[in-house]
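Q: I have a model open beside its sequence and would like to learn how to read its features one by one. Could we go through it together?

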Amino acid sequence: MSQATELAAAAGSADPKVGLRAVLALRRLLERLEVVQVDNARRQGWSWQEIADALEVSRQAVHKKHAGRPAVQGSWEA
């Protein structure tokens, strides 16, 4: 079972401490994945509007969140 699958299962726990910690871990994982995929899209020539459309957010929101940070290098599993 993958880490994401285990976290998703734990997020449904009846124990709030277990569930909330899993939600936090999933949120952090999703943030890292978003960074990787936005960088991937930009390297492939996607516009901020195309990325925003894929994420169902505004172009301004995605640009504000990702434009000023350095690109990630290597695998997201680091």
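This is a predicted model: local features need pLDDT of at least 70, side-chain atom pairs count only at pLDDT 80 or more; totals for chains, interfaces and linings use all residues.

Q: Which residues line the largest pocket, and what is its volume?

A: The residues lining the largest pocket are Glu34, Gln37, Val38, Asn40, Ala41, Gln44, Trp46, Ile51, Ala54 and Leu55, and its volume comes to about 160 Å³. Two elements, H2 and H3, each give two or more residues to this lining, and the largest share, five residues, comes from H2.

Q: How should I read the nonpolar core, and which residues make up the largest one?

A: A core is read as a set of buried nonpolar residues linked through side-chain atoms within 4.5 Å. In this model the largest nonpolar core has six residues, namely Val38, Ala41, Trp48, Ile51, Ala52 and Val62. At least two residues of this core come from each of helix H2, which spans 16-43, and helix H3, which spans 48-55, and H3 gives the most, with three residues.

Q: Which residues does Trp48 touch, if those up to four places away in sequence are not counted?

A: With those sequence neighbours set aside, Trp48 touches Val38, Arg42, Arg59, Val62, His63, His66 and Ala67.

Q: Is His66 buried or exposed, and where is it found?

A: The reading rests on relative accessible area, where under 20% means buried. His66 is found in helix H4, residues 59-66, and it counts as buried because its relative accessible area is 4%. Beyond its neighbours within four places in sequence, His66 is in contact with Glu34, Val35, Val38 and Trp48, and the side chains of His66 and Glu34 are joined by a polar contact of 2.7 Å.

Q: What about the backbone: what is the phi of Glu56, and in which loop does Glu56 lie?

A: The general idea is that most residues other than glycine have a negative phi. Glu56 is not a glycine, and yet its phi is positive, at about 55°; the residue lies in the loop between H3 and H4.

Q: Why does Glu56 count as exposed?

A: The cut-off for exposed is a relative accessible area over 50%. Glu56 counts as exposed because its relative accessibility is 72%, whereas His66, at 4%, is buried.

Notes
Residues are numbered from 1 along each chain as its sequence is written. Side-chain values use heavy atoms; hydrogens and water are left out. Buried means under 20% relative accessible area, exposed over 50%, partly exposed in between (1.4 Å probe, protein chains only). Helices (H or I, at least four residues) and strands (E, at least two) are DSSP runs, numbered from the N terminus. Contact means heavy atoms within 4.5 Å. A polar contact is a pair of N or O atoms within 3.5 Å; within protein, one must be able to donate a hydrogen and the other to accept it, and residues adjacent in sequence count only if both atoms are side-chain atoms. On a 1 Å grid over the protein atoms alone, a cavity is a set of points where a 1.4 Å probe fits but cannot get out, and a pocket is an open set with protein on both sides within 12 Å along at least five of seven lines; lining residues have an atom within 4 Å of a point. Grid points are joined across faces, edges and corners, and a volume is the space filled by probe spheres set on the points.
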